[in-house]
Structures are given as C-alpha cells and as structure tokens.
Amino acid sequence: MPPQNASVCRFGVFELDLRAAELRKNGVKLRLQDQPYQVLLKLLERHGEIVSREELRSILWHEDTFVDFETGLNTAIKRLRETLGDSADSPTFIETLPRRGYRFIATVERPVGEERRISGPSSPPESSAGKNLLKRNGVIAGVVLVLICVAFWRSQPQAPTVTNIVRITTTVRRRTR
C-alpha cells in the first residue's frame, strides 16, 4: 500500500481513513456519528472475532455513566448498519450473534504493518473531551436554570389569604305600616 494510504482500512466499497476518522463509500464521505464509529473501529480491529456486547458497552460508555445500555447499543449498531447498507437478516458486514455480540464478516484490507491493531483517532474529529465539556456545561446550565426558576417562583407575591372575618355593618329592619 502506498504510504499516503497507510492509515486506510478497506472493506467492500468502503474505506475508513483512520487519521481523518472518515468513512467513505466509493470515495464519497459518509456521515457517521461517534458511537457507530467507535463500534466500527472495534469490529474492524477484531475482524472475524466475536466482540461481546459488554466490550462494546465499555467502549461507548464509562463505568460511571448511567444509560439504557441495550437501547443505546442497539441504536449504534442500527445506525452503523444503515450507513453501510447492511441488514441484520442477511448481513454483509456485521453479523449478530444473539446474546453474545457481533462479528465483522467482510474481507478487510488493513494498513501496512497493522495486522492486528487498528489505531486511529478514538473518535471522529469532534473529540470526546469536547463532548464531555459540552455535557458538563449542559448539566451546569440546567441546574442554574432550575435554581433561577425556583428563586423567581419564591420571589413572586403570594395571593392574600383570609385569616379573620369581622362584621363592620349591621342591618336595621324598618317596620312598615
């Protein structure tokens, strides 16, 4: 492989540029989100082997992250399959092994000297550090917004309440003849 292509993995009509973290189909760049990209990297790295759902969970989410893992992983696999034009029923690239995991089954041309390990950016160009910062800032903004709403609600004047009733007039009846 020429030196400029040393970081490109090829499978079918696709090529994954590991340095640029870009997936292309027949040379046309495809949009691939972070989690499907991470799954693809792991499946290509372990081409032909079963990658357990637990391994994929540990790649996609840190231990202190609370998420509906089953739905999240299924969504990432579904999006990856959609991008590759693959099907769970008759797979060309990703084989599902029920309750065990997934296996990349297509032929893969790996970078020169990279027979086992595929090393590329751990995520697409937008870094996970930036995403973590955005998440943290989003949480902080949410907490601040809730505190402002509570403070505003408490500062509003309360509706008057009746605490005592005092009669201030009397009714006089006149006699009529």
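Let me begin at the surface, where Val139, Val143 and Leu147 form a nonpolar patch with about 290 Å² of accessible area together. A patch here is made of residues with over 30% relative accessible area and no salt bridge, with nonpolar side chains (Val, Leu, Ile, Met, Phe, Trp, Tyr) joined within 5 Å and like charges within 9 Å. Accessible areas come from the Shrake-Rupley method with a 1.4 Å probe, and for residues only the protein chains shown count as cover. Leu147 belongs to helix α4, residues 128-155. With a relative accessibility of 55%, Leu147 counts as exposed; the term exposed means over 50% relative accessible area, buried means under 20%, and partly exposed lies in between (1.4 Å probe, protein chains only).

A word on the source. This is a predicted model, in which local features need pLDDT of at least 70 and side-chain atom pairs count only at pLDDT 80 or more, while totals for chains, interfaces and linings use all residues. Residues are numbered from 1 along each chain as its sequence is written, and side-chain values use heavy atoms, with hydrogens and water left out.

Now the overall layout. The protein has four helices and seven strands, in the order β-β-β-β-α-β-α-α-β-β-α along the sequence. Helices (H or I, at least four residues) and strands (E, at least two) are DSSP runs, numbered from the N terminus. Of the 177 residues, 29% are buried. The protein exposes about 12,700 Å², and carbon and sulfur atoms supply 54% of that area. Among contacts with a separation of 6 or more, 57% are between residues 24 or more positions apart, a contact being heavy atoms within 4.5 Å.

Which residues of the largest nonpolar core touch the most other members? They are Phe11, Leu16, Val39, Leu40 and Phe104, out of 29 residues in that core. Elements that each supply at least two core residues are β1 (8-11), β2 (14-17), α1 (34-45), α2 (53-60), α3 (69-84) and β7 (101-104). The largest share, six residues, comes from α1. A nonpolar core is a set of buried Ala, Val, Leu, Ile, Met, Phe, Trp, Tyr and Cys residues joined through side-chain atoms within 4.5 Å.

Leu16 deserves a further look. Leaving aside residues up to four places away in sequence, the residues that Leu16 touches include Ser7, Glu22, Tyr37 and Leu40. Ser7 sits in the segment before β1 and is buried, at 8% relative accessible area. The Ser7 side chain makes a polar contact with the side chain of Asp17 at 3.4 Å. Such a contact is a pair of N or O atoms within 3.5 Å; within protein, one must be able to donate a hydrogen and the other to accept it, and residues adjacent in sequence count only if both atoms are side-chain atoms.

Finally, the charged pairs. The structure holds 10 salt bridges, each a side-chain nitrogen of Lys or Arg within 4 Å of a carboxyl oxygen of Asp or Glu. Glu22 pairs with Arg24 at 2.6 Å, N to O, and both residues are buried. Glu22 also forms a salt bridge with Lys29, with the closest N and O atoms 3.5 Å apart; Lys29 is exposed, at 55%. In helix α2, Arg57 and Glu54 lie three residues apart, about one turn of the helix, and their side chains meet in a salt bridge at 2.7 Å, N to O. Elsewhere, salt bridges that share partners join Arg10, Glu15, Asp17, Glu22, Arg24 and Lys29 into one network.
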